[in-house]
Amino acid sequence: MIAGRMTERVVLLEPTVTRDKFGSEVTTYDDFRTVHAEVQWKSGGTNLQVSELFPDGHIEVIIRDAHPVEAKWRIRYNGELYHVGAVAPNRVKGLKRLICDKVND
């Protein structure tokens, strides 16, 4: 992948974990930053969960290494939410590859 193809924009969503009045952890996601990215569609289809079909998608997103993003963050791309499962840095090129799965909340 070449960094010159960063023609897409994605929104990085940072998780914040708080506790509700019953002591349970509640995770919310706040807009952190909109960044230029290269997005590659990997696979997609439908997934059967609890006798319902949900859309399933996997993408890889390349962003600049300067953006602080970690696993368990989320991104918004084309109106869809994706969970960042892993971050693979490429320090030689100054890039990060985000391995993402579609969120079915």
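Me: What share of the chain's contacts with a separation of 6 or more comes from residues 24 or more positions apart?
Reply: Those residues account for 49% of them, where a contact means heavy atoms within 4.5 Å. Keep in mind that this is a predicted model, in which local features need pLDDT of at least 70 and side-chain atom pairs count only at pLDDT 80 or more, while totals for chains, interfaces and linings use all residues. Residues are numbered from 1 along each chain as its sequence is written, and side-chain values use heavy atoms, with hydrogens and water left out.

Me: How many helices and strands does the chain have?
Reply: It's 0 helices and 6 strands, and the pattern along the sequence reads β-β-β-β-β-β. Both kinds are DSSP runs numbered from the N terminus: helices are H or I with at least four residues, strands E with at least two.

Me: What makes β5 and β6 a pair?
Reply: Pairing takes at least two bridges found by DSSP. Strand β5 and strand β6 (residues 95-102) have 8, running antiparallel, so they pass that rule.

Me: Why is E60 called buried?
Reply: Buried means under 20% relative accessible area, exposed over 50%, and partly exposed in between (1.4 Å probe, protein chains only). E60 comes in at 14%, so it counts as buried. E60 sits in strand β3 (residues 52-64).

Me: What joins the side chains of E60 and R97?
Reply: A polar contact of 2.6 Å. The term covers a pair of N or O atoms within 3.5 Å; within protein, one must be able to donate a hydrogen and the other to accept it, and residues adjacent in sequence count only if both atoms are side-chain atoms.

Me: Why does H67 count as buried?
Reply: Its relative accessible area is 16%, so it is buried. H67 is in the loop between β3 and β4. Its side chain makes a polar contact of 3.3 Å with that of R33.

Me: And why is A71 called partly exposed?
Reply: A71 has 37% relative accessibility, so partly exposed is the label. A71 also lies in the β3 to β4 loop. Leaving aside neighbours within four places in sequence, A71 touches V84, G85, A86 and V87.

Me: How do you know that R76 and D31 form a salt bridge?
Reply: The rule asks for a side-chain nitrogen of Lys or Arg within 4 Å of a carboxyl oxygen of Asp or Glu. For R76 and D31 the closest N and O atoms are 3.2 Å apart, so the pair meets that rule. The pair links distant parts of the chain, R76 in strand β4 and D31 in strand β2 (residues 25-49), 45 residues apart. R76 is partly exposed at 32%, while D31 is exposed at 52%.

Me: What makes K102 and E80 a salt bridge?
Reply: Their N to O distance is 2.7 Å. K102 lies in β6 and E80 in β5, so the pair ties together parts 22 residues apart in sequence. K102 is buried at 19%, and E80 is partly exposed at 33%.
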